[in-house]
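Dear colleague,

I am passing a structure on to you, together with some notes on what was found in it. Please look through it before reading further.

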Amino acid sequence: MELIWLSIIIPVLTAGVIAISPSKHARNTAFAGSLLSLAALALFAWNFPAWKAGTYFPMTAGAHWVHGAGVSLSVGFDTVSLLLALLTAFLMPLCILGSFTAITDRVKEFYGWFLVLGSSILLAFAARDAILFYIGYEFTLVPMTLIVAIYGGTERRVAAIKMFLYTFLGSMFMLAALLYVGWEHRIASGAWNFDIDALTATAVRLPSATQYWLFAALMIGFAVKVPLFPLHTWLPLAHDQAPTAGSVILASALLKLGTYGNYRFALPMAPAGGAELMNVVAVLSIIAIIYASLICWVQTDAKKLIAYSSIAHLGLCMLGLFALNPMGAEGAVFYMVNHGLSTGALFLCIGMFYERYHTKDTDVLGGLAKRMPVWSCFMVFFTLASIGLPGLNGFVGEFLCLGGTFIAEHDANSGYPGVLGPWYAIVAGLGLIFAAMYLLILLGKIVWGPLREPHGDVSHGSHAAAPALPSDLGLREIAVLMPIAIACLWLGVQPKPMLDAISPCAQRMLVNYPAQVERVMAESIPVAPTPVITSMKTTLKVP
Amino acid sequence: MIESLSPRLALLVPEMTLFVGAVVVAVLGLSKQRSVREALPFITCAALIASIVAVPFTWTDDNAQGAHLLLPMLGRFVKPLLAAMGVWLVLLSVGSVDRRMEELIARGRQPFDAQKVARGEYYAFFLLSLMGAMLLCNAHDLIWLFLAIELVSLPTYIMVAVGGNGSRPQEAAVKYFFLGAMSTAVFLYGFALLYGSTGSLELLVIRDSLATQAAGNGIDSLATIGIVLILLGLCFKITAVPMHFYAPDVYEGAPTHVTAFLSFVPKTAGFTALVLILTCVGWTGHALIAPDGVRVQYLGLPTPISAILWMIAVLTMTLGNLGALLQTSVKRMLAYSSIAHSGYLVLGLIAGAGAGIDALYLYLVAYGVMTIATFAALAAIERRGEEINSFSDLAGLRVRHPAMAWVIALCALSLVGMPPFIGFFGKIYLFIAAFEANQLGLVIAAVLNSAVSGLYYLRLALVPLVSPPSARSQEVTRVPSRWPQTAAIVCGVATIALSAAVGVLLQAVRTSTDSASASASHTSHSNHP
C-alpha cells in the first residue's frame, strides 16, 4: 500500500518542487518525478500477488478519513485497475519528455499541473473507496481544464469550458448515485461505508427498478467521459485544442476513466439495470462507431481525425463491455490499454509534425516520408496498430470485442446470454473497415505522395519561440515513441499473459449477469404482434 | 434565582469579552495618537481571540445544563466559529476603513479631521454584531432570540453606510435598512402568533407545547402561520428566496470588507435562529412527547412547514444560480452565489436533527472560509483606488498578482464543490443528510444546481488564471495594507487544509448537536415526569 501511495504522492510533491524552483529546471524535475512514480508503481506491480485472483490487493482497508461518514483512504488494485494505472504512469514521463520543446510559456505551471493530473488519475484507478475514487475522477478536470485553457489552440477557452461543464454535469449524477448506494448500505448495515466492494454487495440486492435508475445515473457520468454517442461533442474540440501532452493523457488515461467506471461501478453495481439497458448502450456504441468513422473519413484536420477515431474505438470497447460475456469484457479491458498506447502515440506523432509545421491540415501538408523518414516509420507503425493489424496490439482487443458481441445471443452456449449477436458484430465490423479506410487515407495524404509543405517553409526554426528542431525526429523524440512501439509490438505478439490476468476480473464483474439477462429476456419474450401499421392507418382515416 | 442565573452568566463570558472589546475600541478610536488608532483592528482581533479562548472554559456541561437551553452545547461550536471567522474578517478590513476616509480628505470632500482618519466605530459595530450572533446560541426565549437577531443586524446597517465613500454604500444601507426592518416586522409578528398559540415565550415550553399539539390534532393553524412567518422573516437574514432581492444591490454597493461580513455573519445567525425555531417544532421523533409521556412516532417537519422550506430551498438555489449566470460584476455574482448557497443550506434544515444540522454547520464553515477568502482577495486589490468590480478587472490577474489570482481560482473551485476542497465535503454531507431524511428530490435539485453553478464559477476561476490581461486589469494594484492579502492566503489555504481535517471538524459539530439532543430529552423528562 505504501508503494501505491508513493506513486500517487510523488508527482504532487514534484509539482511542489517545481513551483519553488527556477523554471529552467522544471522539465527535468518533472521528468524525474514521473519516472520515480512509474518506478514505484512498477515495483508494486512486480510484486503484485493478485494478477490472476481477480480481487483487490492489498486486502486491508486504509485509514478512515472521516469517522462516522465512512470515507476511508483505502487504495488497492485489481488486475484491470493496475493495468490502467501502469498505462498512465508509463505515458506520463513520455508525455513530459515529448513536451520539452512544445511548451515554452508558463513552463512551471504546465509541468506542475501535468503531474497533478497524473496523480489524480492514479488516485482514481487506485481508490477502493467510492468517494476517494470520485475525488480523483473529478479533480482530473481541474488540471485538464487549465492545461487546455492555457496551452491550447485558438479556441482553447471554449474547448476547456465545454469539457468542464459536460463532465461536471455528468459526474454530479454519478456522485448522487454513489451517495444513494452509500445510503442504502447504511440502511442495510447501520453504518456509512463507501468501500467499493461493500457498496457493490449492497447495490446488487436492490430492487430492479432502483437498479435501473442507479445504472442510468452512473451511466450518464461515465458515458460523458467515455464518451458515448450523444454526449461526445466535447471531445473532438478538447482534443483539437489541447497541447500534445494533454491530448495524449486525455485519450489514453482520462477517457479510460469512463470505461473503467463502467467496469468498476455501473456494470457490477446495478446488474438488473445493466441487463435492461444493455441494448440501448450497445446501439449507442454502434452509432458512435459508424458515425465517428464517417466523420473521420471527411476530416482534413489530422488531430481531429484521431480524436473522432478515438470515439469510434471507444464505442467498440463499450460494445465489448456490454456484450456481457467474458470474451467481450476481456477484449474491452485489453482494448482500453491498447487504445491508450496506440492513440496516445498517434497524438504524439501528430504533435511532432505540428511542432515543425504549425499546421495539422492534411490538405496543406503531405509526403512527409521524404522529409521525415523516421517519423514516417513510427506514424505508419502506430496507424497500423490503431487499425488493428494482426500481430500488433490493436487487433487482439478488437477481435475479442467483436467476437464477444458475435456470441452474445439469446441461446449462447458460453453460458452468458445476451441480446446482441451477429448482426451487431457485423455492423460494428463495418466500423473497422471504415477505420482502415480513413486511417490509410490519412497516411496516404501526409506520409506518402508528393512532398507538400506549407508556404513560407517554417520547418527550419523560423518560429522564434521554439528552439530549432531537426527536420526529422531527434533522439529525444525517438526515445518518446520507442517504448510505446515496443509495448505495442509485445502486446500484439504476446497477449496471452495479460488476457489470462484480465479473465478472472472479467468473470467477477459479470457474476450476476447471466441470471439477470435471462430474467430480462423472459420478461420481454412474449411480444404480441403490435398492429402499429393498422392503427396508424385507422388514425389517419379519422380526419 | 441566583442559581439559575449564574450558569447563564458564565455562558455569556465570550459575549462580555466582545462587549468590553467594543467599548475599548470605540474609546481608543478617539485617541489623538495615530499609532493607537492604527492598532484598533488588532485590538479587535485580540478581543475575538480572547472570546474563543473563553468558550471552552465557560461553556462546560454543567453550565450548559443549568441554563435550560434548547440546544445546550450549540454555542460551544458556533461561538468559536463566529469568532474565528471574525478574525479574518477584521484582517481583511484593515486599512480599508481609514483609507476611504483619507481619500475623501484628499479629494477635498471632507475637511481634515485627525479624529476621523482612523475610526473605532467600525470595529466597535463589528464586534457588537458578532456578539449578537453569539448571543443567539444562548437564547432560551423568544425575546432573547429577537433581541439577538436585531443586535446582529442593526450594526450591519451602519457598517454598510460608514464603510465606504460615495453614494452607493449609502443607497445600499438605506435599502438594506428598510427591507431589514420589514423582515423584522414579519418575524416579530410570527413570534406573536407563536406566543398566542403556545402561551409561552420560553423555547423549551414552546417545544413541549407544540409536541403536545402534534400528538393531538396536529400543530394548530395559529402556530403554523406563526412559524411560517418566522421562516419568511428569517429568510432575509439568510438571503433566501422571498426575501433575497436586496442581496445583489447591497452586496455590490457595500464596500468589499463589509460584503464579506454580510455574507457570513448574518447568515450564520439566521441559520442558528432557524435551527432553534425548527428544533421547537421538531423533526423525526425528536422532542415529541405526548402528555402521557409516550414518544410519538412522527416523521419530518409538519407538512405545511416542510413544504414551504422545500420551496424555499429549491427556488433559492435555482434563482441564485440562474441570477449568477447573468452577472458581469464580480460582487453581484458572488451575491447571487451566496443566495444559491443558502438554498443548499436549507437542505440541512429540512433534513433536520442530527445529520442535517451537522451538515448545515459543516457547510457553513466551508462556505465561510471560501467566501471570506474570495472577498479578501477582492479586497486586497484595487483599480485606481476603487474596488474591483467587473470581470475584466480580474482578467490576467496572475501576471501582476499571482497569489490573489490563485486564491480566487481555488475558492471558485471550492465553491462549485470540486474535490478535494472543503466545499466538496460540505456538499456531500448535505446530500448525505438529505438522503437520510428521504429527500431524494431535493438532492436531485441540488445536483442540477451544482452543475449550473459550474458555469459561472468556472469563469471566476479561469478569468484570473487564463485570460490575457486587459487594459483595465493593467491598472490593478495591491491595496496599501498587506493584511487583506494575508487573510486571503490563509483562508485560501484553509479551503484545502480543512478538507484534511474534515473528520475532526465533523466530530466537533456532532458533539455540539449530539449532546444537545441527549440533554434536550433529559430536560423534557424533567418537565414531564
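What distance, in Å, separates the centres of domain 1 of chain A and domain 2 of chain A, taken over C-alpha atoms? The two centres lie 21 Å apart. Domain 1 covers residues 1-269 of chain A and domain 2 covers 280-522, with bounds that come from an automatic or database domain assignment.

Residues are numbered from 1 along each chain as its sequence is written, while chains are lettered from A and ligands numbered from 1 in the order in which they are written. This is a predicted model, in which local features need pLDDT of at least 70 and side-chain atom pairs count only at pLDDT 80 or more, whereas totals for chains, interfaces and linings use all residues.

**Between the domains of chain A**

The contact between the domains takes 41 residues from domain 1 of chain A and 45 residues from domain 2 of chain A, two residues being in contact if their C-beta atoms, placed from the backbone, lie within 7 Å. On the side of domain 1, the elements that give two or more residues are helices H3 (79-98), H10 (234-241) and H11 (244-269) of chain A, and H11(A) provides the largest share, 13 residues. Helices (H or I, at least four residues) and strands (E, at least two) are DSSP runs, numbered from the N terminus. By class, this side of domain 1 has 25 nonpolar, 12 polar and four charged residues; Ala, Val, Leu, Ile, Met, Phe, Trp, Tyr, Cys and Pro count as nonpolar, Asp, Glu, Lys and Arg as charged, and the others, Gly among them, as polar.

**Between chains A and B**

Here the contact takes 24 residues from chain A and 25 residues from chain B. Strand S1 (64-66) and helices H5 (130-139), H6 (141-151) and H7 (156-189) of chain A each give two or more residues to the chain A side, where the largest share, 11 residues, comes from H7(A). That side divides into 21 nonpolar, two polar and one charged residues.

**Confidence in chain A**

The mean pLDDT (the predictor's confidence in each residue, from 0 to 100) of chain A is 85, and 92% of its residues reach 70 or more. Residues 458-466 of chain A have pLDDT below 50, and this stretch has 15 contacts beyond near neighbours in sequence in the model. Residues 531-543 of chain A also have pLDDT below 50, with zero such contacts.

With kind regards
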